[in-house]
Amino acid sequence: MLVRIAHEIVERNGDGRVAIVGIQPRGVVIAQRLRDKVAELLAADVRFGEIDISFYRDDLSLRGPEHQPEVRETRIDFPVEEHTTVLVDDVLYTGRTVRAAIEALFAFGRPRRVQLAVVCDRGHRELPIRPDYVGKNLPTSRRERVNVRLAEVDGVDEVSISELAEVRA
Amino acid sequence: MSARHLLAIGDLGREGIERILARAESFAEVAGRPIKKVPTLRGRTVINLFMEPSTRTQSSFELAAKRLSADVVTVKAQGSSVEKGESFKDTVLTLSAYDPSAIVVRAPHAGAAALVARWSRASVINAGDGKHEHPTQALLDLFTLRRRLGRLDGLRVWIIGDVAHSRVARSGIVALRTMGCEVTVCGPPTLVPRAIAELGCSVRYDLAGVERADVIYALRVQRERIAGIVAPSLREYVERWQIDGRRLRPGQVVMHPGPVNRGVELASEVCDSPQSLIVDQVEAGVAVRMAVLYELLAGAGGDGARLSAGREQEAPQPA
């Protein structure tokens, strides 16, 4: 799946000036794999970054003090003006995370172009955001939860769907 | 940290301190970006109420709130209605009418911040209350030390100078002890009360043994106190307690909460030496105060929480 996405990224960015940026936490792991594959296809180094969106969330005040997100590292050490940045995440759902990631990216300059790659698109968008590269479209209900497990974090590569423990209306 | 206020460093405990230091690392990274501002506290109001003069604390709290996208108003005693005789309480009630999420208070009287917390619905941050406490100074000192030395546990810290009148010392001793440092306070007997040992530090009246310290923390000597009867003459102070190039051992670091009296508590060459962390402390102030504002305001209290009271069913989903 990632190999196909890597091919698509190379096809659409013929000049090779592309950087892969993962959204914390799981997008970073996927982005690392994707970067390796794209670098292999281009036979060149590919810039890599990671981005944490905690400070850009639109729901901080909706969460109680006990449910604050864990803040992880943000590292963008390439000029965003000169590269097409491919944002990478595991699941695309409401689009709010991606919106926040785009805003975070703008703190580093005026990005030349931004694209979006996700392992799984589960629908239910609340913002006008669409992915450029999709591993798999996965029609779901809002009552379900999509879990992308990764060998680096969870010991296994797997996508599964589970019911939310407590159904919230 | 689930507390709404930060009045004393003891409110935090080790876990709370660790959380704030970790957050401050994230905000220090933000300070390195071309655009040093995040939208986290957009729409919130922060009021800085400064009844005493301050450069560092005031400017860094202001910058911290701005970099979190809050709206900030700084009110100083000088030039405000306080000069017309408005009481402290009425000033606080007036400012509270703007419905701020946080009030940052600097005042000459111990307990002033706690009073504000009683009078206002806002989260209150103590930015120095008389001789009592200055918790955010202690936090930024820990942050600076850990960045430079890589650890806090087991560090030997000497705090030298006018300990009796120092809120920096009081918060600092508690914070350093909480994080596992060994603390010694030192200075003229009239400026170092014996009872300070109850905070868990050793008390010395001369610099013998200072060469074993990892960190030398000099306090500001207030000339007006030295000139009075409570302390030896300035010349004697310099001779016996000043840290100069001869007394500073390689490998030690020097800190000072500012403003420094060059040539009194620290020799000028020490202030400017690579062993001095004084500028690092100032730099850390913004990131640490962003972390404190974030801890107290993101999620809890404030306008946003009240607005969303009816929408709690809609739990935030990972997008």
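Two strands are taken to pair if DSSP finds at least two bridges between them. In this predicted model, five strands of chain B, in the order S7-S6-S5-S8-S9, form an open sheet with parallel pairing. Strand S7 (202–204) and strand S9 (253–255) of chain B each have a single partner strand and stand at the edges, so one side of each is left without a neighbour in the sheet. On average, and with direction ignored, neighbouring strands of this sheet are turned by 25 degrees against each other.

At one of these pairings, strand S6 (residues 182–186) of chain B runs in the parallel sense with S7(B) over three bridges, and B:Thr184 stands opposite B:Ser202 in S7(B).

Turning to the domains, the assignment for chain B gives domain 1 as 9–134 + 282–303 and domain 2 as 135–280. The centres of domain 1 of chain B and domain 2 of chain B, taken over C-alpha atoms, are separated by 25 Å. The contact takes 26 residues from domain 1 of chain B and 22 residues from domain 2 of chain B. On the side of domain 1 of chain B that touches domain 2 of chain B, the elements that give two or more residues are helix H1 (13–31), strand S4 (123–129) and helix H10 (278–297) of chain B, and H10(B) gives the most, with seven residues. The table lists the classes of residues on that side.

| Class, side of domain 1 of chain B that touches domain 2 of chain B | Residues |
|---|---|
| nonpolar | eleven residues |
| polar | eight residues |

Key:
Residues numbered from 1 in each chain as written. Chains lettered and ligands numbered in written order. Predicted model: local features only at pLDDT ≥ 70, side-chain atom pairs only at ≥ 80, totals over all residues. Domains from an automatic or database assignment. Contact = placed C-beta atoms within 7 Å. Helix = DSSP H or I, 4+ residues; strand = E, 2+ residues; numbered from the N terminus. Nonpolar A, V, L, I, M, F, W, Y, C, P; charged D, E, K, R; others polar. Axes fitted to C-alpha atoms, helices over the stretch in contact; angles between N-to-C directions.
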